[in-house]
Amino acid sequence: DLTITGTTPATVAELIAINAATSGAVSLNAQTIAAAYTDTAANLISAFTGTTTHTGGLTVSDVTAVSAADLNMINNFKASGTTTAIATSNITGSALEIATAIGSGTDFRPNVTLSITGADPATIAELKTINGDTIGAVVLNAVTNSAAYNDTAANLAAAFLGITTSTGDLTIAGTTAANLAELMTINAATSGNVVLNPETNAAAL
């Protein structure tokens with residue numbers, strides 16, 4: 001085990017070297033625990049792997065795409081404080097990974113593109129979380145684009161707001177009639193069928 005002492009915070013380069021030198025625990029001094037660091041996601045991961053006590057801010061400096069899995073790993077280094085990734089314009093990962101990063105309080109730029117990858121379709125809850133965190137584009141993976149969804153009009157509209165690439169059927173469920181704005185969003189989201197619940201069929205819009 002390696003323990004950092006003294007009153008000077010370690011640098012990222014020093015932490016990378018210390019972490020690489022041992023398979024044991026690395027204990028940080030109070031100043032390193034409280035310090036704010038800015039570096040690439042890869043360097044922050046190399047510096048802090050095995051740490052769960054950091055309370056200062058960690059800022060990811062990458063301007064190219066950053067994976068949500070990396071952001072979640074960085075979040076796990078922290079006992080408190082924020083993880084910021086506002087330099088990048090694109091966050092990629094599974095819907096679960098992106099939603100987890102959002103739920104952990106990671107700060108993105110307001111218009112960040114959130115790109116869902118992998119072989120698993122997003123859930124409505126995940127799409128709502130992802131769509132609610134950006135005014136930028138939400139890019140669906142192939143399985144989410146082709147998936148059929150069944151939920152209330154409010155949830156479908158929140159999940160697919162701004163999306164126009166779905167080819168799956170979207171079915172309005174529940175006992176509440178969709179309003180015109182929700183129907184417009186749902187219809188615009190998919191080239192597949194939109195199936196209305198009885199209440200929407202009967203409503204005067």
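**Note on the predicted model**

1. Phe160 touches Ile124, Leu127, Asn131, Leu140, Tyr149, Ser166, Leu170, Thr185 and Ala189, residues up to four places away in sequence being left out; contact here means heavy atoms within 4.5 Å. Together with Phe48, Phe108 and Tyr149, Phe160 touches the most other members of the largest nonpolar core, which has 50 residues. Such a core is a set of buried Ala, Val, Leu, Ile, Met, Phe, Trp, Tyr and Cys residues joined through side-chain atoms within 4.5 Å. Buried stands for under 20% relative accessible area, exposed for over 50%, and partly exposed for values in between, with a 1.4 Å probe and protein chains only.

2. On the basis of these points: this is a predicted model, in which local features need pLDDT of at least 70 and side-chain atom pairs count only at pLDDT 80 or more, while totals for chains, interfaces and linings use all residues. Residues are numbered from 1 along each chain as its sequence is written, and side-chain values use heavy atoms, with hydrogens and water left out.

3. Helix H3 spans residues 41-48, and its buried residues are Ala41, Leu44, Ile45, Ala47 and Phe48. Helices (H or I, at least four residues) and strands (E, at least two) are DSSP runs numbered from the N terminus. Just after H3, Gly50 has a positive phi of about 95°.

4. Tyr37 and Phe48, both buried, form an edge-to-face aromatic pair, 5.4 Å centre to centre with 65° between the planes. Rings of Phe, Tyr and Trp (its six-membered ring) pair if their centres lie within 6.5 Å; planes under 30 degrees apart are stacked, over 60 edge-to-face, and the rest tilted. Tyr37 belongs to strand S3 and Phe48 to helix H3, so the pair ties together parts eleven residues apart in sequence. Tyr37, Phe48 and Phe77 form one aromatic cluster.

5. Asn29 sits in the loop between strand S2 (26-27) and helix H2 (30-34) and is buried, at a relative accessible area of 5%. Among its contacts beyond four places in sequence are Ile4, Gly6 and Thr8.

6. Strands S7 (residues 90-93) and S9 (residues 113-116) are joined by four bridges, and Ile91 has Leu114 in S9 as its bridge partner.

Technical notes:
Pairing = 2+ DSSP bridges.
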